Amino acid sequence: MIKAVVNVFLKAGVLDSQGKAVHHALDSLHFNNVADVRVGKQIILKLNTSDKTQALNDVTKMCEELLANTVIEDYEIELV
Amino acid sequence: MKVTILQFPGTNCEYDTQYAFEKLGATTQIVWHKSESIPSDTTLLVVAGGFSYGDYLRSGAIAKFSPVMKAVIDYANKGGKVLGICNGFQVLAEAGLLPGALKRNDSLHFISKHHTLKVANNDNIFLKNLDKDAVVNIPIAHHDGNYFIDQDGLQELYAHNQILLTYSDENGNVKNPNGSVDSIAGVCNKEKNVFGLMPHPERAMESILGSDDGIKMLQGFLSA
């Protein structure tokens, strides 16, 4: 069994309002050394395979078709 | 005129939509998302508003894989007229039938109020009863209504008169409630048979309830 960790974030250039709000809140808590905040989501999958190449292919397809909207989002896949 | 209205788990505007079109004299039918076909005499297909699948993952992201959506995409590709209102717009954008995507409002708030809109283009069946630059008063109610499209896509929209409505003040000046690119509230596809908008014309059918500006909009589909 392979575990895949998918991180989905808004693309650079697409305003991340949640990131901005969190950044603002950190500022008000006096964490003044924060340069940037991005808020995304993490999706963790357990796959019934031990073939890493196949796993990566499958998860890439899942990202393109459902897990991310590539008009506004980028994704990263990590197999562990 | 036969209006078919789609219903997903979490849809909540199907009966308002039915009321609106029946008031205008159309016959309507609500079709559950598990259906693999849509009635063959459908002259307008409406993807109604609400929160299909609880907006899980992204608004409209899961509804696009419902059994009925294959028939919807077929219908649209054959030139059938499709209207997506609010969550329906999000579903059509996710399904690739309309360009762009809807993301969280810039303010992060759910916005529910009447808003004025300016007609950007009326050379389409939906808005043909309204003058270009006319201002209409239509309710909005959304959390993810912040329309995004990249610069190339935006130029395409302008080049083909695909922008239907923009958020404005009462005088038609730009007033952007949610951060949408160029204040866009609704778009259509290049072929001008698929329409999507975040505001709710079906909730603007009675002046006693605040506005009946939705009548002129929805009537466009009936006088085809």
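**Chain B and its strands**

User: Of the 224 residues of chain B, what percentage count as buried?
Analyst: The model is a predicted one. A residue is buried if 20 or more other C-beta atoms lie within 10 Å of its own. Among the 224 residues of chain B, the share that counts as buried is 50%.

User: Why does the radius of gyration of chain B agree with that of a compact globule?
Analyst: Along its principal axes, the C-alpha trace of chain B spans about 45 × 35 × 30 Å. A compact globule with 224 residues would have a radius of gyration near 17 Å. Chain B agrees with this because its own value is 16 Å.

User: Which residue of β9(B) is the bridge partner of K118(B)?
Analyst: In β7(B), K118(B) has V135(B) as its bridge partner. β6(B) is also joined by 4 bridges to strand β9, residues 163-168, again antiparallel. In β9(B), the bridge partner of K118(B) is T166(B).

User: How many residues on the side of chain B that touches chain A are charged?
Analyst: The contact takes 9 residues from chain A and 11 residues from chain B. On the side of chain B that touches chain A, 4 residues are nonpolar and 2 are polar, while the number of charged residues is 5.

Key
Residues numbered from 1 in each chain as written. Chains lettered and ligands numbered in written order. Predicted model: local features only at pLDDT ≥ 70, side-chain atom pairs only at ≥ 80, totals over all residues. Rg over C-alpha atoms; globule rule 2.2 N^0.38 Å. Buried ≥ 20, exposed ≤ 12 C-beta atoms within 10 Å, placed from the backbone. Contact = placed C-beta atoms within 7 Å. Nonpolar A, V, L, I, M, F, W, Y, C, P; charged D, E, K, R; others polar. Pairing = 2+ DSSP bridges. Helix = DSSP H or I, 4+ residues; strand = E, 2+ residues; numbered from the N terminus.
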